[in-house]
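Welcome, and thanks for taking a look at this one with me. Here are some notes to read alongside the sequence and the 3D view.

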Amino acid sequence: MSPLSKVQLHRQAEQLVDFINKSPSPFHVVDVCRSWLRGANFTELKEKQSWCGAIKPNGRYFFTRNGSSIVAFAVGGKFRPGNGTSIVAAHSDSPCLKLKPVSKKSGSGFLQVGVQTYGGGLWHTWFDRDLSVAGRVMVRDGAGGYAARLVSIDEPIMRIPSLAIHMDRSANEAFKFNKEIHMTPILATVDKVLNGTSDEENAPAHHPVLLERIAKQLDISTADIADFELCLFDTQKATIGGLLNELIYAARLDNLNSSYCAIEGLINSLSGENALENDSHVRLVALFDNEEVGSTSAYGANSALLESALRRIQASCDGANMTSFEEAVANSYMISSDVTHAVHPNYSEKHESNHRPEMQKGPAIKVNANQRYATTALTSTILKDIAKRSDIPLQEFVVRNDSPCGSTIGPMLSAQLGLRTIDIGNPLLAMHSIREVCGADDVGMLVKLFENFFIEFAALDAKITAD
């Protein structure tokens, strides 16, 4: 049983739902996290500026990159250069559709929007959904400069209709479609637009009615829009469901489930008076963009983002020497948190018989002999010890030998830096669907596990002998 009360577990589930509903794009994820961190007395740092003298023991800090990745950390009161960092890493992005640079399309009396597929989505689930757009808009400021603004249009303004069964009798046997042709959303009818005031014929890249709606949302002129990065999202809100309110139905649970739990766990670990006073480590959360497409970007996990953060933290503290970073890496430990596959009651044969994570039974440790996950006997022993003392149940997940295995940012970061790493995640059904399902109680359990990891790891690591 979890040490958390039903009230506490339900509150964490509700907060995850709220987090998802406020975060239709990675830019919004980071913006929400920024707000929460500021509310918890974190100070924002800038990568373009020097951190020397800015980072102090007992201090709380964060910085962002590209507006879609964020690193938050708290420095222990007894931290010295060369000491380790207790890390939880996750990702801020999810499979989606993104507007093309030239999105203006039309056909058969409809205005349509050209989109690109991002990541490995379960694309058939995007048909017949009430869709809209969200993301970042670069806005002219009137003085020759530009500012990034976030936009999210909550009303359903787009839809990808299915073909009627009468026109494709084989649809229930095999729903086949071409992602370039058949996944082009409808935006409006041509007649309705032409009867309005939009200059449709002279717009080279995007439909004027779409630009006007974006401009209205931001309270600017369409002429002020320099460019944008917009993704489509399902306007149906995330919610708690199930007969006993034991499930969460939502988009982007992969991986906002982990992102929320990481940030909440870090903040909760600092809630006690003098919470950092006796900690010799740095407590750090990193949320990366672009995991769903391989992480190779300036703000993905396959960049120097985490290494840069760790180096700057070490170098910015009094007493740093030439090997402080290398010493710190050897003293550090990372939890790579990404959702895992819950056993499906209708497809239970897809799971290895001894490794079938269930919802409401806690997060699962992910193991793969071919290093698709970074878990080792050492790293699992450490986390199992913390979970046991926290009364948090853990499960284990291994794919069948005749099934392909996905991967995470864990092996990538572990290999780059030499970090001791474990891969874990809450069980999920319908992963990469536009609408996924997870256990409500698992959220609170993962938050509590992260909270206690931040508090307890430094002391536990001093008792570990394994070089």
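The points below go from the whole chain to single residues.

1. Please keep in mind that this is a predicted model. The chain contains 10 helices and 20 strands. Its radius of gyration is 23 Å, close to the 23 Å that the globule rule gives for 467 residues, so the chain is as compact as a globular protein of that length. Along the principal axes, the C-alpha atoms fill a box of roughly 75 × 60 × 40 Å.

2. How much of the chain is buried? Buried residues account for 54% of the 467 residues. The chain exposes about 20800 Å², and carbon and sulfur atoms supply 49% of that area. Of the contacts between residues at least 6 apart in sequence, 77% join residues at least 24 apart.

3. On charge, there are 45 positive and 53 negative side chains, and the centres of the two sets lie 1 Å apart. Asp31, Arg34, Arg38, Glu44 and Lys46, for instance, are linked in a network of them.

4. Start with Lys100 and Glu180, whose side chains meet in a salt bridge at 2.9 Å, N to O. This pair links distant parts of the chain, 80 residues apart: Lys100 is in strand S5, and Glu180 is in the loop between strands S8 and S9. Lys100 is buried, with a relative accessible area of 18%, whereas Glu180 is partly exposed at 43%.

5. Next, look at Arg420 and Asp461, where the closest N and O atoms of a salt bridge are 2.8 Å apart. Arg420 lies in strand S18 and Asp461 in helix H10, so the pair ties together parts that are 41 residues apart in sequence. Arg420 is buried at 18% relative accessible area, and Asp461 is buried at 12%.

6. Asp385 and Arg389 form a salt bridge inside one helix, at 2.5 Å from N to O. They are four residues apart in helix H8, which means that about one helical turn separates them. Asp385 is partly exposed at 30%, and so is Arg389 at 49%.

7. Finally, some backbone spots to check. Most residues other than glycine have a negative phi, and most peptide bonds are trans. Asp128 has a positive phi of about 60 degrees; this residue lies in the loop between strands S6 and S7 and is partly exposed at 36%. Gln371 has a positive phi of about 65 degrees and sits in the loop between strand S16 and helix H8. A cis peptide bond joins Asp254 and Asn255, with omega about 15 degrees, and Asn255 lies in helix H5.

Technical notes:
Residues numbered from 1 in each chain as written. Predicted model: local features only at pLDDT ≥ 70, side-chain atom pairs only at ≥ 80, totals over all residues. Heavy atoms only, no water. Helix = DSSP H or I, 4+ residues; strand = E, 2+ residues; numbered from the N terminus. Buried < 20%, exposed > 50% of the residue type's maximum accessible area, 1.4 Å probe, protein only. Rg over C-alpha atoms; globule rule 2.2 N^0.38 Å. Contact = heavy atoms within 4.5 Å. Areas by Shrake-Rupley, 256 points an atom, 1.4 Å probe, with all protein chains shown as cover. Lys, Arg positive; Asp, Glu negative; His and termini not counted. Charge placed at Lys NZ, Arg CZ, Asp CG, Glu CD. Salt bridge = Lys/Arg side-chain N within 4 Å of Asp/Glu carboxyl O.
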